Amino acid sequence: MPHVSTVRHLELDGTGLSSRAVAAAARRGGETRVTLGAEAVERMHASVGLKEELLAQEIPVYGVTTGFGDSCIRQISPDKAHELQRNLVLYHLNGVGPAAVPDVARATMIIRANALAKGVSAIRPQAVSTLLECLSRDILPMIPERGSVGASGDLVPLCYLAAALIGEGRVLHRGTERPALDALGEEGIEPLRLAPKEGIALINGTSFAAAYAVLAAWDARELAFVAELSTAMTLEALRGNASALHPFVHAAKPHHGQVRSAEVIRTLLAGSRLATSFDDILVRRERPAGRGYLELEERIQDKYSVRCAPQIIGIVRDTLDWTESWLDTEINSATDNPLFDVDDCGLHLGGNFYAGHVGQAMDSLKTTVAGLANLLDRQLALVVDEKFNEGLPPNLVLARRPDDPEAGLHHGFKGMQIAASAVTAEALKQTGPVSVFSRSTEAHNQDIVSMGTISARDARTVNGLVREVAAIQLLSLTQAIELRGVEKASPAIRAVHRLIREHSAFVTHDRRLDQDIEAVIGLIESGALRRAAGFGDEDLADFASRTGSTSRS
């Protein structure tokens with residue numbers, strides 16, 4: 001996202017939060033102020049009141065006056081309930097692996113607060129306000145990535161969120177790792193003393209998995225555009241036939257994502273003097289003139305990695321449509337257990353902590369996004385190979401006369417294509433579904449689990465690998481178009497060329513290109529390439545505008 005100086009406001013009510021709003025707020029950091037809505041506060045107070053009534057009747061309330069999971073047959077007296085909640089948090093602090101990045105921590109905090117804002121979890125508004133105050137003061141829990149099976153929700157990861165609120169463990173405070181208690185004290189935030197039910201309300205849910213998922217969906221939409229940009233540049237580099245993008249073709253198979261993808265590529269190519277068309281080829285063709293056989297000088301259609309690009313990229317766009325719809329439902333759901341029905345004075349035990357929808361969505365998304373790496377790698381193979389690149393020099397090496405002392409010494413983008421192929425293979429390897437790997441755990445109480453968190457993390461990983469392939473391909477295409485004559489490229493692609501050239505010089509001699517790749521990865525992540533091509537943030541969010549989904553940011 002571009003830097004925005006004004007502070008935006010996101011009000012949580014448990015019903016109206018969009019996955020895109022969460023992703024945007026998580027990426028902006030302190031530029032979004034997040035608060036609880038007044039009606040949410042009222043509902044939360046009411047559910048706490050019902051909880052107190054049930055405790056006064058000495059009813060066994062799961063996770064409040066009973067043990068957890070398989071220990072639900074062990075009831076305790078209400079006076080022990082406070083200590084039980086604290087112990088619940090402490091005994092789950094056993095996560096492993098690297099800490100989640102700040103964006104994920106922020107998204108987790110926002111989603112967990114919104115789930116509790118539904119007002120059916122019997123947690124005090126002040127507890128959630130403390131969570132949001134930590135978010136506002138840039139006190140972020142350091143959450144190990146590994147340890148969740150995705151049911152009973154994200155117990156282990158979310159315990160690190162709860163631990164930060166009670167002053168346990170370590171946090172990232174304004175970018176510096178330090179003890180949670182010190183960070184809370186410096187910001188004047190009183191550590192929480194967990195009331196009955198509040199520990200399980202904080203940790204029993206799908207918020208960590210959903211955080212990875214909403215960010216993965218956001219990044220995948222950016223990658224779909226980058227694949228369209230690569231396709232437009234490939235058509236120019238290869239003097240390809242843009243007729244396969246004609247609206248008539250895609251109206252005949254009107255998947256929304258496919259139609260939109262073709263439209264974006266056509267827009268990027270507007271004004272190009274490098275790409276050709278079937279009509280142009282017909283004008284230039286040699287006629288048979290009575291001959292029984294004639295070999296054409298120009299291909300009348302391109303290879304699949306160019307011609308079928310909208311059909312391939314469109315799958316990503318269409319997958320994102322239903323994925324984001326599922327995620328919007330997930331992040332506006334109460335995902336803990338038990339739930340309190342104030343209207344009917346009821347207590348309900350259920351399993352909303354099961355992250356199956358997140359797992360299924362992310363297993364599907366990562367497969368389609370990995371397909372983008374395959375597409376880009378195949379396009380790159382055409383552009384660097386002198387047998388297929390329509391007269392460009394082999395490996396995009398600057399052409400030299402045979403008597404030039406450096407003739408034959410340079411190999412240009414040969415190594416780049418090897419690297420792209422390796423990364424593509426790694427991305428494709430990651431596409432195996434995780435949601436099928438259920439494990440029975442916790443004394444066979446959690447005897448079937450979603451693995452949604454691992455799948456969401458895998459989707460994040462695949463996105464990163466595809467960005468790397470895309471950066472390599474875009475650098476190669478920038479070189480190819482310059483060799484063709486950048487002045488003949490479309491205005492949108494000339495603008496992209498200028499931006500990339502600010503970070504990576506034309507390759508005249510063999511040199512290291514790893515730093516150039518990193519620079520272009522940054523341009524992809526930030527959306528700078530999309531904006532340079534004339535597509536604003538509203539174009540990235542076309543799903544939200546088309547369906548009426550609203551962001552309160």
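**Close-up views of a predicted model**

**Figure 1. Lys-51 is a buried residue, with a relative accessibility of 1%.** The cut-off for buried is under 20%, so Lys-51 falls inside this class. The structure shown here is a predicted model. Lys-51 forms a salt bridge with Glu-52. The closest N and O atoms of this pair are 4.0 Å apart. Glu-52 is partly exposed, at 40% relative accessible area.

**Figure 2. Glu-324 and Arg-20 form a salt bridge.** Their closest N and O atoms lie 2.9 Å apart. Glu-324 belongs to helix H14 and Arg-20 to helix H1 (residues 19-28), so the pair ties together parts that are 304 residues apart in sequence. Are these two residues buried or exposed? Both Glu-324 and Arg-20 are buried. Side chains of opposite charge can pair when their charged atoms come close. The whole structure holds 34 salt bridges.

**Figure 3. Asp-103 and Arg-27 meet through their side chains in a salt bridge.** The N to O distance is 2.7 Å. This pair links distant parts of the chain: Asp-103 sits in helix H4 (residues 102-116), Arg-27 in helix H1, and 76 residues separate them. Arg-27 is partly exposed, with 27% relative accessible area.

**Figure 4. The largest pocket holds about 500 Å³ of space.** Its lining counts 29 residues. Nearest the pocket centre are Ser-152, Leu-155, Glu-442, Asn-445 and Gln-446. Helices H3 (81-91), H6 (155-165) and H8 (198-203) each give at least two residues to the lining. What classes of residue line the pocket? There are 14 nonpolar, 12 polar and three charged residues.

**Figure 5. Two peptide bonds are shown here in the cis form.** One runs from Ala-151 to Ser-152, with omega near 10°. Ser-152 lies in the loop between strand E5 (144-146) and H6. Pro-338 is in the loop between helix H14 (309-331) and strand E8 (339-341). Most peptide bonds are trans.

**Figure 6. Glu-58 and Asn-395 have positive phi values.** Most residues other than glycine have a negative phi. Glu-58 is not a glycine, but its phi is about 60°. Glu-58 lies in the loop between helix H2 (38-56) and H3. At 57% relative accessibility, Glu-58 is exposed. Asn-395 has a phi near 55°. Its loop runs between helix H15 (356-384) and helix H16 (414-429). Is Asn-395 buried or exposed? Asn-395 counts as buried, because its relative accessibility is 13%.

**Figure 7. Four residues form a nonpolar patch on the surface: Phe-278, Leu-282, Leu-296 and Ile-300.** Together they have about 330 Å² of accessible area. Leu-282 sits in helix H12 (residues 278-284). With 33% relative accessibility, Leu-282 is partly exposed.

**Figure 8. Asn-87 is a residue of helix H3.** Asn-87 is partly exposed, at 36% relative accessibility. How far apart are the C-alpha atoms of Asn-87 and Arg-512? They are separated by 53 Å, and the two residues are 425 residues apart along the chain. For scale, the C-alpha trace of the chain spans about 100 × 50 × 45 Å along its principal axes.

Conventions: Residues are numbered from 1 along each chain as its sequence is written. This is a predicted model: local features need pLDDT of at least 70, side-chain atom pairs count only at pLDDT 80 or more; totals for chains, interfaces and linings use all residues. Side-chain values use heavy atoms; hydrogens and water are left out. Patches are made of residues with over 30% relative accessible area and no salt bridge: like charges are joined within 9 Å, nonpolar side chains (Val, Leu, Ile, Met, Phe, Trp, Tyr) within 5 Å. Accessible areas come from the Shrake-Rupley method with a 1.4 Å probe; for residues, only the protein chains shown count as cover. Helices (H or I, at least four residues) and strands (E, at least two) are DSSP runs, numbered from the N terminus. Buried means under 20% relative accessible area, exposed over 50%, partly exposed in between (1.4 Å probe, protein chains only). On a 1 Å grid over the protein atoms alone, a cavity is a set of points where a 1.4 Å probe fits but cannot get out, and a pocket is an open set with protein on both sides within 12 Å along at least five of seven lines; lining residues have an atom within 4 Å of a point. Grid points are joined across faces, edges and corners, and a volume is the space filled by probe spheres set on the points. Ala, Val, Leu, Ile, Met, Phe, Trp, Tyr, Cys and Pro count as nonpolar, Asp, Glu, Lys and Arg as charged, and the others, Gly among them, as polar.
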